[in-house]
Amino acid sequence: MKQCIKIESSRVILVPYEEKHVPKYHEWMKNPDLQEATSSSPLSLQEEYQMQKSWRDDSDKYTFIVLDKNIFRETSDEVKSMVGDVNMFLLPDVEETGIKTGEVTIMIAESLARRKGFGQETMMLMMNYCIQSLNIRKIVALIGEKNSASVKLFEKLRFSEVEKTYFGEWKYEKVVIESDWEHFKASTGLVYQETFYQRQSDSKRDTKNTQRRHPKRHEKSLLHRHSRAFFAISFGFLEKKIMWNLEQKEEI
């Protein structure tokens, strides 16, 4: 299995998304505010288990549950310590640049865990994992128009605004220069530690007949991701074809 690690800093712990985390995650995603912030639609509990399995098994997706380290020290209970999640999706190299690119998303779901710096610390752990362990060299974030907290977070992490996408989201990106990243990481005093994580084995849960009620789940839906990537590839190809035809007409 991939991601058999947990990542710790001074205040948060990132652990792989497991079956035991699903019921609490499912309760989070019933919140309309979180649905809007993550461009998500509700799933049934069974569908949520299916999505967890997809993110665990698929080679182009990485997801971690964010734990409050203080709560975990007191309780030794991952579920009680859950405050959010962070994800990375490997993007296809549409323009054939050879630059390995990942799209990241983050959610601090527990209201009492917000405005404590957990978001920044979590993102720095995830970015460091992507850069050092996965050799990612460009990191992209798509942020909803109304999500001002995420805009501030990514600007603080020195992402640059690139464009507004066809889907109405702001696109931010950061091209990684390793020496600059190490300097920035040192300036923040980030504590980063990886250790082995014993993952759960498969349960006997039957998920083969579950289907998504709505393909709009932005952060967790492989269907949505691939349909959007396919649209981007198709649109890019069509745009190039139109430009080529115009050039041919001008030559004539």
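Helix α6 (residues 118–133) packs against helix α8 (residues 178–188) at an angle of about 150 degrees, and their axes lie 12 Å apart. This is a predicted model, in which local features need pLDDT of at least 70, side-chain atom pairs count only at pLDDT 80 or more, and totals for chains, interfaces and linings use all residues. Residues are numbered from 1 along each chain as its sequence is written, and side-chain values use heavy atoms, with hydrogens and water left out.

- The helices here (H or I, at least four residues) and the strands (E, at least two) are DSSP runs, numbered from the N terminus.
- Axes are lines fitted to C-alpha atoms, for helices over the stretch in contact, and angles run from 0 to 180 degrees between N-to-C directions.
- α6 and α8 are therefore roughly antiparallel to each other (angles under 35 degrees count as roughly parallel, over 145 as roughly antiparallel, 65 to 115 as roughly perpendicular and the rest as oblique).
- The α6 and α8 crossing is left-handed, a term used if the near helix is turned anticlockwise from the far one by less than a right angle, with right-handed used if clockwise.
- On the α6 side, Met124, Met127, Asn128, Ile131 and Gln132 meet Trp181, Glu182, Phe184, Lys185 and Thr188 of α8 (contact means heavy atoms within 4.5 Å).
- The residues of this α6 and α8 contact divide into 5 nonpolar, 3 polar and 2 charged (Ala, Val, Leu, Ile, Met, Phe, Trp, Tyr, Cys and Pro count as nonpolar, Asp, Glu, Lys and Arg as charged, and the others, Gly among them, as polar).

**Helix α6 and helix α7**

- With helix α7 (residues 148–156), α6 packs at an angle of about 50 degrees, the axes being 10 Å apart.
- α6 and α7 are therefore oblique to each other, and their crossing is right-handed.
- Here Gly119, Gln120 and Met123 in α6 meet Leu153, Phe154 and Lys156 in α7.
- The residues of the α6 and α7 contact divide into 3 nonpolar, 2 polar and 1 charged.

**Salt bridges**

- The count comes to 15 salt bridges, each being a side-chain nitrogen of Lys or Arg within 4 Å of a carboxyl oxygen of Asp or Glu.
- Glu121 forms a salt bridge with Arg11, and their closest N and O atoms are 3.1 Å apart.
- Glu121 lies in helix α6 and Arg11 in the loop between β1 (5–8) and β2 (12–16), so this pair ties together parts that are 110 residues apart in sequence.
- Glu121 counts as buried at 11% relative accessibility, whereas Arg11 is partly exposed at 34% (buried means under 20% relative accessible area, exposed over 50%, partly exposed in between, with a 1.4 Å probe and protein chains only).
- Glu18 pairs with Arg199 in a salt bridge whose closest N and O atoms are 2.8 Å apart.
- Glu18 sits in the loop between β2 and α1 (22–28) and Arg199 in the loop between β9 (193–196) and α9 (222–251), so the pair ties together parts that are 181 residues apart in sequence.
- Both Glu18 and Arg199 are buried.
- Asp57 forms a salt bridge with Arg56, the closest N and O atoms being 2.6 Å apart; Asp57 is partly exposed at 37%, while Arg56 is buried at 8%.
- A network of salt bridges links Lys6, Glu8 and Lys69.

**Positive phi outside glycine**

- Arg115 has a positive phi near 60 degrees, lies in the loop between β5 (101–108) and α6, and is exposed at 86% relative accessible area.
- Arg158, also not a glycine, has a positive phi of about 70 degrees and is found in the loop between α7 and β7 (160–164).
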